[in-house]
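Subject: Structure for your files

Hello,

Here is the structure you were going to look at, with the sequence. My notes follow below it.

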Amino acid sequence: MAQVLQIQAQLITSPIPSSVVDPNLIAVKLIGACADHANVRQAALIFAHLASPNIFAHNATLKALAQNSHWFHAIQFFNHQVSSPNAPNPDEFTFTSVLKACAGLAHVVNGQKIHAMVTKQGFESNLFVRNSLIDMYFKAGYLLLARHLFDEMFVRDVVSWNTLVSGYCLCGCADDARWVFDRMREKNFVSWSTLISGYARMGRLEDARRLFDEMPERNVVCWNAMIAGYAQNEKYSDAIEVFRMMQQFGGVVPNDVTLVSVLPACAHLGALDLGKWIDGFISRREMALGLFLGNALADMYAKCGCITEARRVFNKMEERDVISWSIIICGLAMYGHADEAFGCFYEMLDCGEKPNDVVFMGLLTACTHAGLVKKGLNCFNTMDKEYGVSPKVEHYGCVVDLLSRAGELDKAEDMISSMPMKPNVIIWGALLGGCRIYRDSGRGQRVVQHILELDSDHSGSYVYLANVYSSMGRLDDAAKCRLRMRENGVLKTPGCSWIEVDNTVHEFFMGDLSHPESNKIYSMIRELMWKMKLAGYKPKTDLVVHSIDEEEKEDALSIHSEKLAIAFGLISTSEGTTIRVVKNLRICNDCHDAAKIISGIVKREIIVRDRSRFHHFKDGVCSCSDYW
C-alpha cells in the first residue's frame with residue numbers, strides 16, 4: 001500500500017499528459033490496488049481527483065466499496081452515478097456490484113428498483129447480472145422469486161448453480177440445497193464447500209463430514225469449511241483433529257482463515273502447545289497479523305493464561321479495534337488482576353477507542369474476582385452516564401454476583417428488584433451462589449423458587465436444595481429432592497476437564513475409565529490422596545449429596561475430572577513442568593483445596609481455568625486467595 005501511495009503522489013506532483021496515457025486507466029489500476037488492501041477511503045480519493053471519470057473508473061470504485069462490505073456507500077455511489085447527467089450509463093459490471101451491496105444489506109426495495117433498471121436497459125439476460133439478482137433475492141428472503149429467475153435462465157454456469165445451493169443453505173433449506181447439488185453436472189470447490197458450510201450452519205455436522213469425506217479432492221476453502229463448522233458448533237476437539245488431518249494428508253497450506261477457526265478451539269480446550277505452534281507458523285510464513293488473526297491469537301494466549309504473550313501479540317498488531325482491547329482486559333479479569341485491567345481500560349481511552357459492553361463486562365468481572373465492591377459499582381454507574389453504554393442483563397448479573405460474593409445479599413436482592421428488565425436464571429443464580437457461600441438457606445430456598453419458575457430443569461437448584469436439606473439433617477427431604485430431579489428428567493451438567501500433553505488434548509469426566517492410561521492415573525490418585533492427608537487435607541464430604549458412607553464420599557471426591565486431569569499431567573510430563581487444566585464448570589471447593597496441597601507436594605505450578613476465572617496454584621497457595 002505504501003508503494004501505491006508513492007505512485008499516486010508522483011502522479012499528482014508530476015502528472016502524465018492525457019495525450020500520453022488516459023488518467024482513467026491509471027486510476028482504475030490504483031483503485032483496484034487500494035481495494036485489494038481494503039483501503040476504500042483512498043480508492044474514493046483517487047476517484048474524486050478524476051476530472052472526467054469513465055465507466056471503468058466508476059465500476060472500479062463501486063466494486064471496491066462492495067467487495068469491502070461498504071454496502072450502504074456503494075448504493076449511495078450508484079444512486080449518484082445514475083442521477084448525474086455527465087456520468088456514464090451503468091453496464092453489467094455496475095449492476096453486479098450494486099446488487100452485491102443490496103444483497104449484503106438484504107435491501108429488497110433497492111434491489112427491486114435496480115432490477116427494474118436492469119430490465120429496462122436490457123441486461124436481465126446477462127449471465128453475471130442474473131446470477132447477482134438470484135443471490136440478492138435469496139439473501140433478502142425471496143426464495144421463490146430467486147428460484148423462478150434461475151429456472152428462466154437459458155444459459156447457466158457453475159456460479160448459477162452455486163448461487164442456488166448457497167441460497168437454499170442461507171434461510172435453512174439443506175435438503176433443497178442437496179437436491180440441487182446432486183443434479184449439478186459440474187461441481188467445483190465452491191460447490192462442495194458451500195454445502196458443507198450450509199450443513200454446519202444448521203448443526204448437521206454428520207452430513208457435513210460425510211460430504212467432506214466424499215470429496216475427490218480438497219482445497220484450503222473446503223478444509224476451512226469443515227474446520228469452521230466444527231468450531232462454530234463447539235466441537236473443538238473435532239476442529240483440531242481436522243486441522244491436523246489437513247497438515248498430515250491434505251497437502252494444503254493453512255491460510256489466515258484456517259487459523260482464525262482453529263485458534264478459538266485451542267483457546268477453549270487450553271491447547272497451548274498447538275496455539276504456540278500456530279504462532280510460530282505465522283512468523284515463519286511471515287503472515288500479516290491482521291485484525292481477525294491478531295485478535296484470535298491474542299485471545300488464545302489470554303484464555304490459556306499467558307497474558308504476557310497475549311499483550312505481545314496485541315502490541316505487534318498494526319490495527320486494533322475495541323475487540324482487541326477487550327481481549328486483554330477480559331484476560332486480566334480472568335486472573336483477578338483488577339488494577340491492570342483498569343489500567344488497560346484507561347490506556348484504551350487515551351488511544352481514542354470507545355468502550356463497548358464487552359469491555360465493561362471484563363471490568364466488572366475483574367472487580368468481582370478481586371472483591372472490589374465500591375470500584376465495581378462505580379464502574380457500573382458510569383457505563384451509561386459517561387460512555388453511553390446501556391447495561392444489559394449480563395452486566396446486572398455481574399453486579400449481583402459481585403455483591404453476593406462479598407456477602408452483601410440484601411443489596412444484591414435490591415439490585416434485582418430495581419432492574420429495568422426481568423431477571424433471568426443467571427441473575428437469580430448469582431444470588432443463589434451468595435446464599436450458598438454464606439449459608440443463608442432461607443433466602444436460598446426463596447431464590448430457588450424464582451429459578452424453577454423460569455427453568456424447571458435447572459439442575460443447580462435441585463442440587464442446592466438437596467444440600468440444604470442434608471446440612472439440616474432432613475435426609476428424607478434431600479432424597480425426595482433428588483428423586484424429583486430424576487422423575488423430571490433433570491440432568492446435572494457433567495464436569496469435564498481437558499489437559500494438553502504432547503500436542504494432544506485429553507478429556508476427562510468424573511470417574512472416567514476410558515483413558516488408556518487409567519490404571520496409572522488412578523494409582524497416582526491413590527498416592528496423592530495418601531500424601532495429601534499427611535499434609536493436612538480433609539475431604540469436603542459435605543459436597544456429596546448422595547446417601548453413602550464417608551469413605552465412599554471421599555472416593556467420589558477423589559475422581560472429579562480436574563483431579564484426574566492433574567494426575568494424568570503428573571505421570572505424563574517431566575518434573576517442573578506446569579500443569580494446565582481447563583474445566584467446563586466452576587471448580588469445587590474440595591478440588592480447589594486439593595490442588596493447593598498437590599502444588600506444594602509435587603513442587604509444580606498448576607493452572608486451572610474454570611468457567612469463571614483462572615486459579616494459579618503454587619507452593620500450596622492459589623492466586624485467587626481463596627476468593628472466587
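How many aromatic pairs does a search of the whole structure find? The search finds 19, where rings of Phe, Tyr and Trp (its six-membered ring) count as a pair if their centres lie within 6.5 Å; planes under 30 degrees apart are called stacked, over 60 edge-to-face and the rest tilted.

Before the details, two notes on the source. This is a predicted model, in which local features need pLDDT of at least 70 and side-chain atom pairs count only at pLDDT 80 or more, while totals for chains, interfaces and linings use all residues. Residues are numbered from 1 along each chain as its sequence is written, and side-chain values use heavy atoms, with hydrogens and water left out.

Aromatic pairs

One of the pairs is formed by Tyr335 and Phe614, which are stacked, with 4.7 Å centre to centre and 10 degrees between the planes. Tyr335 lies in the loop between α20 (322-334) and α21 (338-350), and Phe614 is in strand β5 (residues 614-618), so this pair ties together parts that are 279 residues apart in sequence. Helices (H or I, at least four residues) and strands (E, at least two) are DSSP runs, numbered from the N terminus. Tyr335 has 9% relative accessibility and counts as buried; Phe614 is also buried, at 2%. Buried means under 20% relative accessible area, exposed over 50% and partly exposed in between (1.4 Å probe, protein chains only).

Another pair, Phe345 with Tyr387, is edge-to-face: 5.7 Å between centres and 75 degrees between planes. Phe345 sits in helix α21 and Tyr387 in helix α23 (residues 373-387), 42 residues apart, and the pair links distant parts of the chain. Phe345 is buried, with a relative accessible area of 3%, whereas Tyr387 is partly exposed at 21%. Both belong to a cluster in which ring pairs link Phe342, Phe345, Tyr346, Phe360 and Tyr387.

Phe342 also has the charged end of Lys375 over its ring, 4.4 Å from the centre. Arg320 lies over the face of Phe314, at 4.4 Å from the ring centre. The criterion is NZ of Lys or CZ of Arg within 6 Å of the ring centre and within 35 degrees of the ring normal.

Overall figures and cores

The protein has 33 helices and six strands. Its C-alpha trace spans about 95 × 55 × 50 Å along the principal axes. Of its 628 residues, 48% count as buried. The accessible surface comes to about 30700 Å², of which 52% belongs to carbon and sulfur atoms; areas come from the Shrake-Rupley method with a 1.4 Å probe, and for residues only the protein chains shown count as cover. Among contacts (heavy atoms within 4.5 Å) between residues at least 6 apart in sequence, 61% join residues at least 24 apart.

The largest nonpolar core holds 164 residues, and Ile278, Met300, Leu363 and Leu431 touch the most other members. Such a core is a set of buried Ala, Val, Leu, Ile, Met, Phe, Trp, Tyr and Cys residues joined through side-chain atoms within 4.5 Å. A second, separate core of 32 residues includes Leu528, Leu570, Val608 and Phe617. Leaving aside neighbours within four places in sequence, Met300 is in contact with Leu263, Cys266, Ala267, Leu272, Gly275 and Lys276.

In the model, the end C-alpha atoms of residues 188-222 lie 10 Å apart, and the span is 74% helix and 0% strand. For residues 321-355 the end C-alpha atoms lie 10 Å apart, with 74% helix and 0% strand.

Single residues

His58 is in helix α4 (residues 55-67) and is buried at 6% relative accessibility. Leaving aside neighbours within four places in sequence, its contacts are Phe47, Pro53, Phe77, Gln81, Ala87 and Pro88.

Glu234 has a phi near 65 degrees, a positive value in a residue other than glycine. Glu234 is in the loop between α14 (220-232) and α15 (236-250) and is exposed, at 59% relative accessibility.

Regards
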